[in-house]
Amino acid sequence: MADLLVGNGFKDVGYLRQGIVGWGNLLVPKRINPESDNYALYQFNRPGKASCSYLLTCGKEAMVFDPSRNIEAYIGLAAQRDATIVRSFETHRQADYISGGPALAEKTGYAMMAARSDFEGADFPFEAVADNDCFSFTAPGPEIRAPHTPGHTMGSTCYLIGNKYLLSGDTIFINTSGRPDLGGKWEQWARELYLTLMLRLRGLSDD
Ligand SMILES: [Fe+2]
């Protein structure tokens, strides 16, 4: 393709070093919270898929949220911070990409956490997250609360970190909410999503 472009007079032409597969796997981490916090939260932007995943580290431990299959990126950044991954979490069963959770669990020996209603019958092991389960680190740090927020999927779960950062999966975005129609039960799921937004998330700070 690049040859064709050059042959047609284009000059500023380059190859993607690892091709489209490399582009699909690319993860770009960005620190979200202030350096002065006693924990670090990174957002991994995946431009090839327009999706995000997160790494939360505190002391020697790290947790990952919605990992993609490029699990070395999370393991590498955790190692850079002298931490190892002790858990991964899914916000929901994604319709548009394959989770790295099972691979991460196999590699680290730690559990993949997910809502039972989204992952029932899966052929890989996971531990169920129930409504408002709380998780913490060994070192002093943020608590992670997991409100069940059905609507985009029936198992959709958000993770509220230190009562400040809401990892919302596809439940809510900056200007809109997730689609309730992808499971073919839009009437029921739209009702659930409405209740989630009005009763479960509206009480949170607008930030
Ligand atoms: Fe989704």
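User: Happy to look at this with you! How much space lies in the largest pocket?

Analyst: About 1,200 Å³ of space lies there. Keep in mind that this is a predicted model. The pocket is lined by 33 residues, and the closest to its centre are Leu166, Ser168, Ile172, Phe173 and Ile174.

User: What makes a residue count as lining, and which elements supply at least two residues of the lining of the largest pocket?

Analyst: A lining residue has an atom within 4 Å of a pocket point. Strand E3 (51-58), E11 and helix H6 (186-201) each supply at least two such residues. By class, the lining holds 16 nonpolar, ten polar and seven charged residues.

User: And what about the second largest pocket?

Analyst: That one has about 190 Å³ of space and 14 lining residues, with Arg93, Ala95, His152, Thr153 and Leu182 nearest its centre. Its lining divides into four nonpolar, six polar and four charged residues.

User: Back to E11, then. Why are E10 and E11 called paired strands?

Analyst: Two strands pair if DSSP finds at least two bridges between them. Three bridges join strand E10 (residues 159-161) to E11, so the pair meets that cut-off. The two strands run antiparallel, and tyrosine 159 stands opposite leucine 167 in E11.

User: What makes E11 an edge strand?

Analyst: The open sheet has four strands in the order E8-E9-E10-E11, with antiparallel pairing. Strand E8 (133-135) and strand E11 (165-167) are its edge strands, as each pairs on one side only. Neighbouring strands of this sheet are turned by 20° against each other on average, direction ignored.

User: Nice and clear. Now for H3: which residues of this helix are buried, and how do you know that they are on the same side?

Analyst: In helix H3 (residues 71-80), the buried residues are Ile71, Tyr74, Leu77 and Ala78. They cover an arc of only 135° around the axis, which is why they are on the same side of H3. On the other side of H3, Ala79 and Gln80 are exposed.

Conventions
Residues are numbered from 1 along each chain as its sequence is written. This is a predicted model: local features need pLDDT of at least 70, side-chain atom pairs count only at pLDDT 80 or more; totals for chains, interfaces and linings use all residues. Side-chain values use heavy atoms; hydrogens and water are left out. Axes are lines fitted to C-alpha atoms, for helices over the stretch in contact, and angles run from 0 to 180 degrees between N-to-C directions. On a 1 Å grid over the protein atoms alone, a cavity is a set of points where a 1.4 Å probe fits but cannot get out, and a pocket is an open set with protein on both sides within 12 Å along at least five of seven lines; lining residues have an atom within 4 Å of a point. Grid points are joined across faces, edges and corners, and a volume is the space filled by probe spheres set on the points. Ala, Val, Leu, Ile, Met, Phe, Trp, Tyr, Cys and Pro count as nonpolar, Asp, Glu, Lys and Arg as charged, and the others, Gly among them, as polar. Buried means under 20% relative accessible area, exposed over 50%, partly exposed in between (1.4 Å probe, protein chains only). The arc is that of the directions from the helix axis to the C-beta atoms.
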